[in-house]
Amino acid sequence: MNGIHDMGGMQDMGPIQHEKNEPVFHHPWEGRVYGIDRSLRAIGKWNIDAWRHQIELVPPAEYLRISYYERWLRANEELLLAHGLVTPTELATGSPDAGSAKAVPAVNAATAARSLGRGIPSSRDPSAPPQFAVGQRVRARDINPVGHTQLPRYARGRAGIIVIDHGVYTFPDTNALFLGEKRQHVYSVRFTARELWGNGASPHDTVNIDMWDDYLELV
Amino acid sequence: MADKENAPLDRRGFLKTAAASTAAAALPTVAQSKDDEPDHDHQDLPSDPALRAKALESLLVEKGFVDPAALDVLVDMFENKIGPRNGARVIARAWVDPAYKARLLADAPSAIAELGFTSGQGEHMLVVENGPKVHNLVVCTLCSCYPWPVLGLPPVWYKSAPYRSRAVIDPRGVLTEFGTHVDEDAEVHVWDSTAELRYIVLPERPSGTEHLSEEQLAALVTRDAMIGVAKVPPPGEAP
């Protein structure tokens, strides 16, 4: 989806606001939302890519207006509703509907620390052979899917060199929509700054972007 | 567009007050904050995240989806245990131990685990090395990917629109904004974390540190240097 989240290359966002001695969480509720998010993800109803897509579905003006953890809060509310874990009435009232079943938390105090270690499966999977090799010149496909993708707009149609093969990963575009993991190789593709931004860019600079097989074609 | 994630103090103050007075907040109120845009299309959601988060936690605890004690543990981990001090120890070890540095550059997750640091978002980490003529800079233009086990949770600026948008198109301007000078003829390599790889910059060891212990070196290493927006300053120069 060509959404506001895909902001690489925009120029009108203002100065970077660096905060000295910044706290990990600016308000107690941010930490609670962080913990809620981890606890709900561990239930296993949605995957990391579906979660990212849900964040991206925050409408553009809202996305820029609200804070980072507010986006997390909103995404979790939407996912809870979409997957039937809470009803709209429950979300509006903050209380369970009469007769609603009681679950057992997927993460408790004893397992919370370990729950952070879960997540990304092994990148060594011989059943998905690489489609490209280090040193090859490739072009990022010009695709504009309306669902989730991790191919940023600023790289589409541009040519670069594969510099690292990172092994096999779940393909986010299908996984986000629960259409399968479609595991395939991910590479770091090195683009010159001039290929991406024209001759005004420094001839010494590059941008390295991680890309799945399905994002690439040979030049 | 100003960075809304660095909310002004008056709004922070407002939120604190709101959170403190919300013991009976099981019933969130409908959005009426002056912050709401007239064209905003989620009018049915309450505006104050502190109230909403509290109501949501209460609901999820009652329904058995969330253990509040687990939330306490997770918050404590990131506030007190996992953070850039972990990464600083990795960098200092790489500076004093060439064999460790070689392992770190070849297989970062294993080398980092040698020092006892493992957790989510860090299974696939890669260390990129700065030198006199090479400077690396890490960004996640699409969201907020960041090496949690070694740096903790990312700062607000890293997740904000100004940094995410400009780091790829104007890295040298961003570096200047952070007060970081990179020679015009040096290479700047930006790493956009668009997949599950998490990047950490191995900064240059500053001059005048030959006599320092590993622990003293670790104290010099900053979070910003490991993201690549800063260099590690020589001892005695404040970052």
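Author: Two strands pair if DSSP finds at least two bridges between them. Strands (E, at least two residues) and helices (H or I, at least four) are DSSP runs, numbered from the N terminus. This is a predicted model, in which local features need pLDDT of at least 70 and side-chain atom pairs count only at pLDDT 80 or more, while totals for chains, interfaces and linings use all residues. Residues are numbered from 1 along each chain as its sequence is written, and chains are lettered from A and ligands numbered from 1 in the order in which they are written.

Chain A has 8 helices and 5 strands. Read from the N terminus, its elements follow the order α-α-α-α-α-α-β-β-α-β-α-β-β.

Start with strand E1 of chain A, residues 137-140. E1(A) pairs with strand E2 (residues 159-169) of chain A in the antiparallel sense, over 3 bridges. In that pairing A:Arg139 stands opposite A:Ala159. E1(A) also pairs with strand E5 (residues 216-218) of chain A, again antiparallel and over 3 bridges. There, A:Val138 has A:Leu218 as its bridge partner.

The side chains of E1(A) alternate along the strand. A residue is buried if 20 or more other C-beta atoms lie within 10 Å of its own, exposed if 12 or fewer, and partly exposed in between, with C-beta atoms placed from the backbone. By this count, 41% of the 219 residues of chain A are buried.

One pairing crosses between the chains. Strand E4 (residues 206-212) of chain A is joined by 4 bridges to E3(B), and the two run parallel. A:Thr206 stands opposite B:His189 of E3(B).

E3(B), residues 187-192, is also among the elements that each supply at least two residues of the side of chain B that touches chain A. Two residues are in contact if their C-beta atoms, placed from the backbone, lie within 7 Å. The contact between the chains involves 80 residues from chain A and 83 residues from chain B. On the chain B side, H2(B) gives the most, with 12 residues. That side has 44 nonpolar, 17 polar and 22 charged residues. Here Ala, Val, Leu, Ile, Met, Phe, Trp, Tyr, Cys and Pro count as nonpolar, Asp, Glu, Lys and Arg as charged, and the others, Gly among them, as polar.

A:Met211 is one of the residues with the most contacts inside the largest nonpolar core, which has 113 residues. Such a core is a set of buried Ala, Val, Leu, Ile, Met, Phe, Trp, Tyr and Cys residues joined through C-beta atoms within 7 Å. Not counting residues up to four places away in sequence, A:Met211 touches A:Ala140, A:Leu151, A:Val186, A:Tyr187, A:Val189 and A:Leu216.

Last, the wider setting. Chain A is divided into domain 1 (28-115) and domain 2 (137-218), with bounds from an automatic or database domain assignment. Their centres, taken over C-alpha atoms, are 30 Å apart. In domain 1, 6 residues are in contact with 6 residues of domain 2. The domain 1 side of that contact divides into 1 nonpolar, 2 polar and 3 charged residues.
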